[in-house]
Amino acid sequence: MREFIFTWSIRNIGYSWHKTGETIYSPAFTAVPMQNSVWNLQLNPRGSIDDDYLSLFLQRSVDNGPEELSVNFELSCLSSEKSPLYSHFFPESDQYFKRKTSFGHPRFLRRHEVFVQRKSLYMPRDTLTVRCRMWKDEGDISESGKIFGLTCLEIERILLVDNIKPRIGKEHIVCIHSELQNKELISISLSYYEYTIGVKINPTNVENIKYSILKLSFVKKIDRKIFCEHRSSCLGAPVRETWRLNVVKHLDIENEDSGENDVELLCEFTYSTGQETKTLEKDFPFSPRSSELVSKYINSCISSENLSDCPRISQDLWNLYAEHVLCDLELKTETSSFFVHKIVLCARSPVFLAMLSRDMKEKRNECIDIEDIMDDILKKFLFFLYTDTFEDLEWEAVIGLYYAADKYHVERLKIVCSSFLLKNIDVENVCELLLLADSHHDSDFKRRVEDFILQNDEKIFSSSIWKQFVCEQSLLSAMTMLLKYDKERVQTEFQPWEAVWLMSIDFYRFFLLAFQNRQRVCEVNGRLNVPLKFIKRALQKTPLHDTLV
């Protein structure tokens, strides 16, 4: 087996200025095990064709290798611990790389998922890390290699603190000056009213700015509390704007001598100019490794015997739970009670945090009723919250843990569970996973299950389990079967319900199932019946028309 891995990090990805169709190119790298071929990765932060998605492609560059080259490759997004958060596999049978050709996915990941919903996972310290793993299952000698690339989108961050005394009818002007360009970029004019603050943004020298974020915060100096805040981003050069900001707490601005009205303006302006730097390294050149290296150095100076006698913090926390020390909250199921620590649950779950930090019955009663999670699953769930680890994993337990993780928004556990389930996916359980992902609205999980189905379509769609699934989940199964054609961007002039007939992944089988179970087809179509003229119309526009008629 020959294998090569390229890991690429893009710093300051949140300030990417690239519009739909515009690309960030990785440093070119040579994959020695792949006949010394030269490659790069191409990332479209706002999609190659659809700005709701990130696009990711592997491109072969000009090299001295063979004219055509086929490889298996997998594109993944990595967490800060270098574990895959999302992956997509491309078998070598699907493509042949010629020089200057590329393959990948135009809808690799939803932007909302990466930049908003799971930003802390996908973009720690505003750095997105992707990986390309290439391999060929041939040859007796195992050969492998790896290399790391870094692209840094250059930015300048300008912080400004200004002391002001709000007075009605008086204007206050603040200027944002760039040390990098040695010139004024923006002037901000502030006007004060009884319950609002008027802000005028006046760009002056911004023609080189490609993307920017401006954040203004007004802080009362007497108690250091923010009483007004606003944030604005701009793709392209900043434009002239006028804001009217509501004041959360009324200021007695008529009393000029009152120290309570002294206000501090915090201004943060960050922008990119379209410049980027690229480097290649044999090991990670990034700062997150420094803490790991220091930790390893410290551990190397301590004898292993001494360390083994000292429990980790996770073990200490679990011992507090197991021995009921200082427990201050009860989790009550139908048959048992579990006494836990509020601070642990709030730290791990935003749902528990909302329950216990607001005026809700759970906070008042110091008790949370949990009737939809079995006792053994809840214990494993608590074990993960306290220790961040699993006990022995079994299929049914992981299904239950996934449900608990989704309910209480424990994203790390949810990803671990879905990764375990996907690692063990097969023809027998694929329907269960598809329904699980769909019912929990987990687009990442569902997409990877769908990818497995499309890669094994003939085997799955001919199985008795899938036939039963079609009867029980007619709409979900139909939409899944149509995905093969959606991914190939088939265009059709038919209505969606007519396209079911034309584009089913196995036309003969779907046709038979339709008439064997007419009522369920009506559910798909949203009609009481399927008029024969529409069936004929669909059939007449397919090569199978004569045979089927």
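Which residues form one aromatic cluster? Trp39, Phe73, Phe90, Phe97 and Phe103 do. The structure is a predicted model, in which local features need pLDDT of at least 70 and side-chain atom pairs count only at pLDDT 80 or more, while totals for chains, interfaces and linings use all residues. Residues are numbered from 1 along each chain as its sequence is written, and side-chain values use heavy atoms, with hydrogens and water left out.

**Aromatic pairs**

- A search of the whole structure finds 19 aromatic pairs, where rings of Phe, Tyr and Trp (its six-membered ring) pair if their centres lie within 6.5 Å, and where planes under 30 degrees apart count as stacked, over 60 as edge-to-face and the rest as tilted.
- Phe73 and Phe90 form a stacked pair, with 4.5 Å from centre to centre and 10° between the planes.
- Phe73 lies in strand β6 (residues 72–78) and Phe90 in strand β7 (residues 84–90), so this pair ties together parts that are 17 residues apart in sequence; strands (E, at least two residues) and helices (H or I, at least four) are DSSP runs, numbered from the N terminus.
- Phe73 is buried, with a relative accessible area of 0%, and Phe90 is buried too, with a relative accessible area of 9%; buried means under 20% relative accessible area, exposed over 50%, and partly exposed in between (1.4 Å probe, protein chains only).
- The rings of Trp318 and Tyr321 have their centres 4.7 Å apart and their planes at 35°, so this pair is tilted.
- Trp318 and Tyr321 are three residues apart in helix α5 (residues 313–322), a separation of about one helical turn.
- Trp318 counts as buried at 12% relative accessibility, and Tyr321 is buried with a relative accessible area of 9%.

**Charges over rings**

- The charged end of Arg111 sits over the ring of Phe115, 4.3 Å from its centre; a charge sits over a ring if NZ of Lys or CZ of Arg is within 6 Å of the ring centre and within 35 degrees of the ring normal.
- Arg133 lies over the face of Trp135, at 4.0 Å from the ring centre.

**Buried aspartates in loops**

- Asp126, in the loop between α2 (119–122) and β9 (127–136), is buried yet has no salt bridge, and the nearest side chain of opposite charge, Lys119, is 5.4 Å away.
- A salt bridge is a side-chain nitrogen of Lys or Arg within 4 Å of a carboxyl oxygen of Asp or Glu, and for charge Lys and Arg count as positive and Asp and Glu as negative, with His and the chain ends not counted.
- The side chain of Asp126 reaches the backbone nitrogen of Gly14 at 3.0 Å.
- Asp63, in the loop between β5 (53–60) and β6, counts as buried at 8% relative accessibility, and a polar atom of its side chain lies 3.1 Å from the backbone nitrogen of Gly65.

- Helix α9 (residues 375–387) has 13 residues and reaches 18 Å from its first C-alpha to its last, close to the 18 Å expected at 1.5 Å a residue, the expected span being 1.5 Å times one less than the number of residues.
- The buried residues of α9 include Ile377, Leu378, Phe381 and Phe384, and the helix is followed by Asp388, whose phi is positive, near 60°.
- Helix α10 (residues 395–407) also has 13 residues and reaches 19 Å from its first C-alpha to its last, close to the 18 Å expected.
- Helix α10 is mostly covered, with ten of its 13 residues buried, among them Trp395, Tyr402 and Asp406.

Methods
A polar contact is a pair of N or O atoms within 3.5 Å; within protein, one must be able to donate a hydrogen and the other to accept it, and residues adjacent in sequence count only if both atoms are side-chain atoms.
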